[in-house]
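Colleague: Could you walk me through this model? I'm new to reading these.

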Amino acid sequence: MADKQISLPAKLINGGIAGLIGVTCVFPIDLAKTRLQNQQNGQRMYSSLSDCLIKTIRSEGYFGMYRGAAVNLTLVTPEKAIKLAANDFFRHHLSKDGKKLTLLREMLAGCGAGTCQVIVTTPMEMLKIQLQDAGRIEAQKKLMAAQAQLSSSPAAAAAEPAVERRPTATQITRELLRSKGIAGLYKGLGATLLRDVPFSIVYFPLFANLNKLGQKDPNVKAPFYVSFLSGCVAGSTAAVAVNPCDVIKTRLQSLQRGVNEDTYSGILDCTKKIWQREGPTAFFKGAYCRALVIAPLFGIAQVVYFVGIAEFLLDLLPKRRA
């Protein structure tokens, strides 16, 4: 990517388009990932990805699978744009006279990109997780209420449980800003860095080297399908590698808890409680969901980015003005 001289506006537009397309395609799987990661050894609602999606559709309707999508669609444009453009920026400045980057320098460029993106990623994930997990908590409360009513009097069993109104992203934002200030939106910043920096360190060098395998000539970019497959393979590999960090981040950023579920004071406390009470396999909850989300998301991102849709659009502007 560093070899291509693409203008900054084009980089930002390409990253934004890639993010919008990718999120629209895979958001239901991401919702299932969040719910699977958040359920603990209390009242488990879902047994798998398919079970989660089926139950979500039954209880919340088709659009229930897209709860929190508006937040992602709004903020994914700057997030993906910053991530891809920052990687290009660092690769360019770490390269010497246009020479091939060493693996260490590629990893440093990825580290810089991952660090930059958390400015947008942390509040985006914070809001998205609350909206995605609200349905799980509500379903759990209904189930517990129904069980309690069945064990009590017939009259109580016939009563309908109270339905709580789910807060919107705007309401959550206002409440966090009112009670905790801007720091409220950046809860879990450390865990987000712990996930996104290693992800970018793995992803960007792996993608760059896989993509080069499809280049017949170093001066000619690889076919779009090579960029797509390289993005998919690199994305899914990096996603699974950092999944333990993603589980910790998801748990720390969740404001609401289900029945008998633990609360955490920080990264170390969360890691210790998960290990002791749920076992090491809990750190890989939702790993296959995350791989299914990240693979096409970054495959699409790299195709859009390398094809350079924005360059084509920007080239049209002077012609239209003429």
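Modeller: Let me begin with a definition: axes are lines fitted to C-alpha atoms, for helices over the stretch in contact, and angles run from 0 to 180 degrees between N-to-C directions. Helices are DSSP runs (H or I, at least four residues), numbered from the N terminus. This is a predicted model, where local features need pLDDT of at least 70, side-chain atom pairs count only at pLDDT 80 or more, and totals for chains, interfaces and linings use all residues. Residues are numbered from 1 along each chain as its sequence is written, and side-chain values use heavy atoms, leaving out hydrogens and water.

Colleague: At what angle do H3 and H8 pack?

Modeller: Helix H3 (residues 69–94) packs against helix H8 (residues 189–213) at about 70°, and their axes are 12 Å apart. H3 is therefore roughly perpendicular to H8, a label for angles of 65 to 115 degrees.

Colleague: Which residues of H3 and H8 make the contact?

Modeller: Lys83, Leu84, Asn87 and Arg91 of H3 meet Phe199, Ser200, Phe204 and Ala208 of H8, where contact means heavy atoms within 4.5 Å.

Colleague: Switching topic, how many salt bridges does the structure hold?

Modeller: The structure holds 18, each being a side-chain nitrogen of Lys or Arg within 4 Å of a carboxyl oxygen of Asp or Glu. One of them joins the side chains of Lys128 and Asp30 (2.8 Å, N to O). Lys128 lies in helix H4 and Asp30 in helix H1 (residues 8–38), so the pair ties together parts 98 residues apart in sequence.

Colleague: Is Lys128 buried or exposed?

Modeller: Lys128 is buried, with a relative accessible area of 2%, since buried means under 20% (1.4 Å probe, protein chains only).

Note on methods: Helices (H or I, at least four residues) and strands (E, at least two) are DSSP runs, numbered from the N terminus. Angles under 35 degrees count as roughly parallel, over 145 as roughly antiparallel, 65 to 115 as roughly perpendicular and the rest as oblique. Buried means under 20% relative accessible area, exposed over 50%, partly exposed in between (1.4 Å probe, protein chains only).
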